[in-house]
Amino acid sequence: MSIETVDLTHVYMAGTPNALTAVDRVSLRMGDGEAVGIMGPTGSGKSTLVQHFNGLLRPTSGRVLVDGEDLWRADETHRRGRKADLRSIRRKVGLIFQFPEHQLFEETVYEDIAFGPRNLGLGEAETRERVADALSAVGLAGDAVEDISRRSPFSLSGGQMRRVAIAGVLAMQPGTLVLDEPTAGLDPRGRRGLLEALIRLRRERNLTLIVVSHNMEDLASLTERVLVLDRGRVVEEGPTRQVFSRLDVLRELGLDAPPVVSLMQGLAARGAEVRTDLLDPAEAAAEIERWMRSKGGDPDRVHA
Amino acid sequence: MSCAAAEKEIIEIDGLGHRYGAGTDYEVKALEDVDLRIVRGEFLVVIGPNGSGKSTLARHANGLLLPTEGRVLVDGMDTRDPNRLWDIRRTVGMVFQNPDNQIVATVVEEDIAFGPENLGVPTEEIRRRVDEAMALVDMGEFSRHAPHLLSGGQKQRVAIAGALAMRPRCLVLDEATAMLDPRGRQEVLRTVRRLNREEGLTVIHITHFMEEALEADRVVVMDRGRIVMDAPPGEVFGRAAELEDIGLAVPQVIEVRRHLSDRGLSVPSSVLTVEELVEHLCQSRR
Ligand SMILES: Nc1ncnc2c1ncn2[C@@H]1O[C@H](COP(=O)(O)OP(=O)(O)OP(=O)(O)O)[C@@H](O)[C@H]1O
Ligand SMILES: Nc1ncnc2c1ncn2[C@@H]1O[C@H](COP(=O)(O)OP(=O)(O)OP(=O)(O)O)[C@@H](O)[C@H]1O
Ligand SMILES: [Mg+2]
Ligand SMILES: [Mg+2]
């Protein structure tokens with residue numbers, strides 16, 4: 001699926017003294033099967049922007065197109081049919097909110113995740129399968145499941161709640177997944193597991209992925225391209241690694257690269273001839289070894 | 001000052017157990033046999049997998065939850081004593097994972113003023129504290145905004161400001177910075193670290209960012225309701241395999257350090273940060 005915005009602007013509380021332009025004339029295009037990251041400082045408009053992708057927010061001006069279809073086309077015939085259209089759009093574009101509490105509502109975890117598949121008209125057997133798959137994708141399978149699935153989602157720990165909220169959207173198997181800070185609150189294993197699950201789903205189902213995150217490691221492993229927002233504008237855009245290697249620009253915006261990038265840049269700043277676009281600790285160590293053992297170095301001293 | 005205030009420990013936890021829904025079908029044993037002493041002025045970081053009991057433990061530190069086993073003393077006051085609850089709450093300030101649950105007013109500055117007002121702080125002093133707290137988290141510009149209409153990170157900043165304005169002697173941050181951008185996180189932690197050093201604020205910081213644990217005087221690791229490690233950061237992260245076993249990780253710099261030693265380039269275990277590693281490598285190569 002493709003998502004496109006044309007001069008998208010969103011003003012909160014327009015016409016009041018507190019009017020605030022959260023998204024400012026943003027035009028972008030995400031193609032079918034693409035994985036795109038969105039980053040930017042606190043309050044830069046990331047959540048506002050992505051809530052337009054499935055019609056949760058209506059643009060103040062500008063357009064949003066999903067698979068070429070304008071979500072808010074102004075003609076009369078279209079408006080009459082609009083509600084149904086939005087419902088089908090929300091099936092195609094699954095949105096995971098920044099705070100999981102905002103999307104949990106059923107009495108038990110099982111019911112919460114089953115809600116989507118049932119709504120799609122699936123039978124109980126298939127629903128059960130979907131729920132199980134979704135729980136396993138978020139690392140809640142195994143012994144823990146029996147225990148957790150009949151509990152109230154509001155009695156869970158923060159990280160468990162986030163996993164359930166993600167599972168609820170995965171169970172609908174949307175063609176596009178929009179995730180707003182999906183790994184916040186997950187423990188390191190849960191985080192890695194979710195990233196792997198998303199990468200696998202993308203491969204298996206040609207999922208289009210849009211990921212909002214402050215975590216550059218997440219964006220590095222999930223996305224090919226990132227957009228950087230600042231005060232509602234897209235200020236930087238390009239291949240993920242390329243954008244990450246521009247540490248000066250990122251720091252200016254209050255963002256930062258993963259420690260590995262800072263390490264390599266720190267070495268380079270001290271005159272070391274090392275690559276600065278590496279993100280993985282193992283790759284970084286190999287590169288450092290190469291440099292340490294290169295002419296002019298005395299690797300034996302490292303043991304000192 | 002009461003004589004309790006002269007004691008070294010601000011929080012003493014002995015044999016603490018907590019069961020949610022005790023006696024029902026849905027009983028969850030969230031804490032078991034937890035012993036923990038937190039000294040005045042300490043900067044403690046708590047890490048642990050999802051569901052390991054960190055938030056449950058935090059809620060015991062100001063009497064929001066009461067022990068089903070064992071006891072918790074705050075400044076010598078037993079959290080089960082209803083007459084002391086008020087004093088306990090003003091001693092230990094809390095910021096939770098989800099800022100929505102902490103919003104109490106419709107305007108940011110009133111939200112931040114709510115705590116000090118409740119403590120009976122005089123009006124001008126409240127004004128001063130609110131302005132200071134808003135400046136500390138860089139939210140002055142939003143003082144007249146509605147807190148529930150802010151972005152995720154902005155809400156977290158307001159929640160932190162609210163806790164700071166109460167001037168507690170102990171501050172519990174339960175993943176309170178999870179939604180902030182990297183600089184925001186650094187700034188908040190730096191502020192808290194400064195209050196810790198200069199004013200002796202005791203800090204309990206719960207986080208999934210292993211890097212943040214490097215800042216701590218002491219790191220407590222939880223797993224399935226128990227404390228499984230309790231040591232300075234260098235020592236905790238030296239036990240990488242055990243951490244990975246329970247689903248945690250080590251900070252990236254330490255991971256690079258391990259890969260280097262696999263390649264025969266060993267780096268001393270005292271090297272924990274990016275700056276230290278850069279320095280060490282440049283020195284070694286010379
Ligand atoms: N419902 C709302 N009503 C009014 N203003 C809002 C509303 N939601 C967000 N804002 C404002 O719009 C701007 C953009 O907010 P948004 O939530 O899109 O930011 P964000 O980039 O997602 O930030 P964060 O990283 O903190 O989650 C902020 O200044 C925020 O205060
Ligand atoms: N209100 C509640 N009722 C029942 N069980 C609960 C409740 N709150 C938490 N639990 C359970 O208690 C255990 C510990 O939860 P807790 O919130 O303390 O974990 P945590 O370490 O903070 O996890 P996270 O990293 O996900 O925030 C979990 O199994 C959780 O499901
Ligand atoms: Mg947001
Ligand atoms: Mg928690």
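Predicted model: local features only at pLDDT ≥ 70, side-chain atom pairs only at ≥ 80, totals over all residues.
Me: Why is Ser55(B) called buried?
Reply: Buried means under 20% relative accessible area. Ser55(B) has 16% relative accessibility and therefore counts as buried.

Me: What makes up the protein side of the site of the magnesium ion (ligand 3)?
Reply: Its protein donors are Ser47(A), through OG, and Gln98(A), through OE1, at 2.0 to 2.2 Å. Ser47(A) belongs to helix 1 (residues 46–50) of chain A and Gln98(A) to the loop between strand 6 (93–96) and helix 4 (109–119), so parts that are 51 residues apart in sequence are tied together. Both Ser47(A) and Gln98(A) are buried.

Me: How do you know that the span of helix 13 of chain A agrees with its 12 residues?
Reply: The expected span is 1.5 Å times one less than the number of residues. For helix 13 (residues 281–292) of chain A this should give 16 Å, and the end C-alpha atoms are 16 Å apart, so the two agree. Its buried residues include Ala284(A), Ile288(A) and Trp291(A). The buried residues of this helix pack against helix 12 (259–269) of chain A, and also against helix 10 (252–262) and helix 11 (274–285) of chain B.

Me: What makes strand 2 and strand 5 of chain B edge strands?
Reply: The open sheet has four strands in the order 2-1-4-5, with antiparallel pairing. Strand 2 (28–39) and strand 5 (77–78) each have a single partner strand, so one side of each is left without a neighbour in the sheet.

Me: How do you know that strand 1 and strand 2 of chain B pair?
Reply: Pairing takes at least two bridges. Eight bridges join strand 1 (residues 9–20) to strand 2 of chain B, and the two run antiparallel. Leu16(B) stands opposite Val34(B).

Me: What makes chain A and chain B an interface, and how much area do they bury?
Reply: 61 residues of chain A are in contact with 57 residues of chain B. The chains bury about 4900 Å² between them, 58% of it on carbon and sulfur atoms. Within chain A, Thr42(A), Phe99(A) and Arg270(A) lose the most area to chain B.

Conventions: Residues numbered from 1 in each chain as written. Chains lettered and ligands numbered in written order. Heavy atoms only, no water. Buried < 20%, exposed > 50% of the residue type's maximum accessible area, 1.4 Å probe, protein only. Donors = N, O, S within 2.8 Å, 3.2 Å for Na, K, Ca; no water. Contact = heavy atoms within 4.5 Å. Buried area = accessible area lost by both parts, 1.4 Å probe.
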